[in-house]
Amino acid sequence: MKISLSKTREQFPLSEKKILKKTIKGTISKVLFIGVFWFVAVISKVLDSKVHATSSNAPVFYTILALSLMFLICILSYFYQRWYFATYYYDLTPDFVVIKKGPITPQEITIPYERIQDVYVDQDIWDRIFGLYDVHISSATISSGFAAHIDGVEKQAAEGLRDIILKTVQQKIGKPKSPVAS
Amino acid sequence: MSSPISDKEYPIEPRWTLKHALLIVFILIISSSFVFFDRSDKQEDGIIGLEVVSIIFLYLFISTVLRKKAFHYTFQDDFLVLEQGIFSKQKRYLPYLTIQNVFLFQGPLDRIFKLACLIIENAAQGENSLENRKNRNAFQIIGFYNNRVTIPGLSKQNAEFLKVAVLERIKANPVDTSQSGL
């Protein structure tokens with residue numbers, strides 16, 4: 001799959017671990033949900049057959065069905081995440097930060113450096129497990145909160161992105177430093 | 001002085017109305033199906049429900065058509081000038097130097113109809129801004145509301161052109177370095 005590379009993504013690449021992390025994060029609740037259904041269905045059938053003293057192939061059928069469903073969800077999710085990873089685009093141009101994501105319903109946000117209010121780097125529990133970081137770029141709008149972030153980079157890339165954005169913001173809106181009184 | 005860009009040259013495509021009508025039908029089918037399920041034993045209520053749904057559809061569809069007709073934008077050199085309102089007319093002058101971010105968005109129906117939605121945001125906090133925060137995904141509303149200007153139903157090519165035009169104007173109207181960045 002062709003990766004939509006920019007100079008910034010080449011310099012500060014997304015980690016391939018992001019695909020695995022998002023696949024697991026996205027499928028674990030669905031797999032557990034199917035597992036619970038499978039367990040309840042099999043137990044009820046086993047109890048039923050004991051009460052009526054009959055034998056049934058239903059538990060085997062349920063097991064095959066549940067495993068197939070789990071496998072299908074994992075495979076579909078994995079390929080979707082690979083596609084998402086390949087179309088993930090971010091670029092720090094001389095005047096703007098551009099972030100584009102979403103293979104099916106693409107959304108692209110462009111923020112002028114002068115409007116960036118802060119940059120913060122965070123990790124949720126899955127990021128901690130996989131050693132990944134999210135770099136958030138805040139402007140004064142609500143949309144920037146959920147659209148303007150580059151997630152799934154390793155520590156070095158996250159620090160590099162943070163430094164380069166903050167440096168450019170400083171250059172664009174900063175004044176020469178004056179010594180602190182007292 | 002560059003010539004102004006307006007909705008006359010880069011219009012909201014007529015097929016956006018059709019897309020919006022489909023969206024309304026879809027939402028009405030989903031919401032009315034709950035009503036029909038609840039009252040499945042009372043056939044008369046079902047018939048009244050259908051009439052009500054048709055009236056709601058007509059109201060939403062006609063208001064969308066009128067709002068589209070009443071909405072105008074012009075990219076002047078210093079301001080983005082916007083007009084909207086069917087009965088009460090509103091005109092807004094948005095200086096390019098206050099724009100916080102530019103958002104390009106394509107929903108699933110936009111992909112089918114080959115449309116794109118351009119959203120321009122500043123940091124304005126008008127009336128009902130807290131309510132608007134809760135409704136952060138209300139992308140497809142046409143016109144301006146609080147800090148957001150939404151120009152939906154553009155062809156992909158026109159949306160890209162307008163995005164570049166806005167970014168060029170932001171660049172041409174730099175912020176005074178003594179400002180905080182807001």
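This is a predicted model: local features need pLDDT of at least 70, side-chain atom pairs count only at pLDDT 80 or more; totals for chains, interfaces and linings use all residues.

Biologist: OK. How many helices and strands does chain B have?

Modeller: Five helices and eight strands. Those are DSSP runs numbered from the N terminus, with helices being H or I of at least four residues and strands E of at least two. Along the sequence the pattern reads β-α-α-β-β-β-β-α-β-α-β-β-α.

Biologist: And what percentage of chain B's residues count as buried?

Modeller: 26% of the 182. Buried means 20 or more other C-beta atoms within 10 Å of the residue's own, exposed means 12 or fewer, and partly exposed is in between, with C-beta atoms placed from the backbone.

Biologist: Let's do sheets. What's the strand order in the open sheet of seven?

Modeller: β1(A)-β2(A)-β3(A)-β5(B)-β6(B)-β8(B)-β7(B), with antiparallel pairing. Strands pair if DSSP finds at least two bridges between them.

Biologist: Which strands stand at the edges?

Modeller: β1 (89-92) of chain A and β7 (143-145) of chain B; each has a single partner strand, so one side of each is left without a neighbour in the sheet. Neighbouring strands in this sheet are turned by 15 degrees against each other on average, direction ignored.

Biologist: How many bridges link β7(B) and β8(B)?

Modeller: Three, in the antiparallel sense. Phe144(B) has Val149(B) in β8(B) as its bridge partner.

Biologist: What does helix α5 of chain B lie across?

Modeller: β2 and β3 of chain A, plus β5, β6 and β8 of chain B, and α5 runs at about 140 degrees to β8(B). Axes here are lines fitted to C-alpha atoms, for helices over the stretch in contact (C-beta atoms, placed from the backbone, within 7 Å), and angles run from 0 to 180 degrees between N-to-C directions.

Biologist: Over to chain A. Is strand β6 of chain A mostly covered or open?

Modeller: Covered: five of its five residues are buried. Four bridges join β6(A) to β5(A), running antiparallel, and Tyr133(A) stands opposite Val153(A).

Biologist: Last one: why does Ile28(A) count as exposed?

Modeller: Because Ile28(A) has 12 C-beta neighbours inside 10 Å. Ile28(A) belongs to helix α2, residues 17-52 of chain A.

Note on methods
Residues are numbered from 1 along each chain as its sequence is written. Chains are lettered from A and ligands numbered from 1 in the order in which they are written. Two residues are in contact if their C-beta atoms, placed from the backbone, lie within 7 Å.
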